[in-house]
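Here is a friendly briefing to read alongside the model. Please have the sequence and the 3D view open as you go.

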Amino acid sequence: LALWSTLFVESWKARSAGLAFMWATEDFLQAEPARPEFIRHRLTTRKAGIHTQAGFIPTDDMPDINEAHLVPYIQDWHQRWRIGLTVSVTGFLMSSVMVAAIAILGWKSILAATFSSRWWGPYVGSVVNVAFMQLMDFLWQYFGIWLTDLEIWRTDSEYENALLLKSVTFRFINAYTAPIYISFFQGQNVPLFVEANDGKPLVDACPNNDCLATLNTYMVVVIVMLETVRNVYTLAPLALSWLRNERRKCRRAAKARRAQVAGKLDAPSTGTEKVTLRGVAEELSVAEVEMQLIEAEMRRARYRGTTIEMIEMAVQFGYLTSFSLAFPFALMFILFNNFLEIRTDALKLFKSRRPRYRGANGVGPLLPVMELLSVVSVVINALLIYYYSDAFKRAVPSISPTSLLLSLVALEHAVFTAKFVLVWVRPARPKWVEIARIRLKLRREEEGKGQLRENQMQIVAAMESVVSEDDDDTAAIFAKHKSELLRV
């Protein structure tokens, strides 16, 4: 699984490089236009300069190009204090969510002890935890966008990257606090501030001292419930919209039938006519039909982009690579869910308002996040094997905990070595992209030489028409430099 995660990330990286070359977006960030929200912001002014990836370069000392390079500009200190504020608020929210998640885990032990006689008792606390996690994710979708809007980013790429970094950090803390606590801390018999029925302090411990089974229960609830809620959340608005459209069609058809019975219309409706106040059918013009299509498009829900979907895939990737030891069946369930979700997301895009074009040369900071998850998952799985796996103990009954730990460290280093070898062997940019880039460079050089040759031939022709044949000195000088002018 660790090697598969590396191959997955490297394949994604190569695929991204190939698409960026085919769509000619490799240099997109350098020529990306400013966002409309940035241009019309109240703090935006016009200043002579050029926006680059390194920052804003003023051209006030170059009066010849000032008028041509008046671009939207916001002073740096306006954005810096806003970024500091949003980072502080995001950090406070993450700490609050972590404390609340741990408190709910303690309450989960109380619920498990209360409903231990019921078959669904072990699942109650996990359901409450997942419900809290879903509530925090739902609230963050709006609060994270508000915080990112406050930072006044200039381009769509900067805006999406800032939103993605904050959202990924928040979602990871919200999603991984519970499984990490169950895996490595709940087995330490953490005392709670509640007394049990016998008067002794209640201890947050794994049932039967089997934390792997507790983690399995939690992962089953999380993966099944999260994926089901996501699909319902995607399909429910589409289903309601379809029902409203069908209801509107039925009302329109009933109205047309009543009009026909009353004799107000001579022919059935074809869908391209309108009924005036007098009940006379008039054929719609092409402009009116196009306006109706535009109005129908504007009534559709606004497409929120792919940032949320990418973050959900990253969280899912982390669950799959880090905690699949507790729930191996998650592999098949996530595969089936993604097969379904590809189609539901496409249906959502089809039913939403057509979004404006936003170019990109990759997936932004999500790719380093996936690489980090691929590395961290090796450490987490090694610790899970050390704490909960009986395979080594059954194979070598006399092995000591220290020898087991050293064996797992050696295995971990072997896996890291294999991952780094895969990264080194598999290039980040496909070979066909490199070949195509070289061919494109040579073609542009030849086109440039051809244009230069044509310009020089025009210069030579103009000089020949000016140079007089009787002027031997000028003709000799021209003949001497003519070959140099035509040499390309």
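Predicted model: local features only at pLDDT ≥ 70, side-chain atom pairs only at ≥ 80, totals over all residues.

Residues are numbered from 1 along each chain as its sequence is written, and side-chain values use heavy atoms, with hydrogens and water left out.

**Salt bridges**

- The structure holds eight salt bridges (a side-chain nitrogen of Lys or Arg within 4 Å of a carboxyl oxygen of Asp or Glu).
- One of them joins E371 to K13, with the closest N and O atoms 2.8 Å apart. E371 sits in helix α10 and K13 in helix α1, so this pair ties together parts that are 358 residues apart in sequence. Helices here are DSSP runs of H or I with at least four residues, numbered from the N terminus.
- E10, K13 and E371 are linked in a salt-bridge network.
- E151 and K166 also meet through their side chains, at 3.3 Å from N to O. E151 lies in the loop between α4 (121–150) and α5, and K166 in helix α5, so the pair ties together parts 15 residues apart in sequence. Both E151 and K166 are buried (under 20% relative accessible area; exposed is over 50%, partly exposed in between, with a 1.4 Å probe and protein chains only).
- Within helix α3 (residues 76–114), D76 and R80 are four residues apart, about one turn of the helix. Their closest N and O atoms are 3.9 Å apart. D76 is partly exposed at 40%, and R80 is exposed at 59%.

**Helices α5 and α10**

- The axes of α5 (residues 156–184) and α10 (residues 366–388) come within 13 Å and cross at roughly 5°. The two helices are therefore roughly parallel (an angle under 35 degrees).
- Contacts (heavy atoms within 4.5 Å) involve α5 residues including L164, F172 and Y176, and α10 residues including L373, I380 and Y387.

**A buried arginine**

- R35 lies in the loop between α1 and α2 (36–39), and counts as buried at 8% relative accessibility.
- Leaving aside residues up to four places away in sequence, R35 touches D149, W153, R154, T155, D156 and Y159.

**Nonpolar surface patch**

- L1, W4, F8, F329, L331, M332 and L335 make a nonpolar surface patch of about 710 Å². Such patches join nonpolar side chains (Val, Leu, Ile, Met, Phe, Trp, Tyr) within 5 Å, from residues with over 30% relative accessible area and no salt bridge.
- Helix α9 gives the most to the patch, with three residues. L335 is found in α9 and counts as exposed at 55% relative accessibility.

Definitions and conventions: Patch = residues over 30% accessible without salt bridge, like charges linked within 9 Å, V, L, I, M, F, W, Y side chains within 5 Å. Areas by Shrake-Rupley, 256 points an atom, 1.4 Å probe, with all protein chains shown as cover. Axes fitted to C-alpha atoms, helices over the stretch in contact; angles between N-to-C directions. Parallel < 35°, antiparallel > 145°, perpendicular 65-115°, else oblique.
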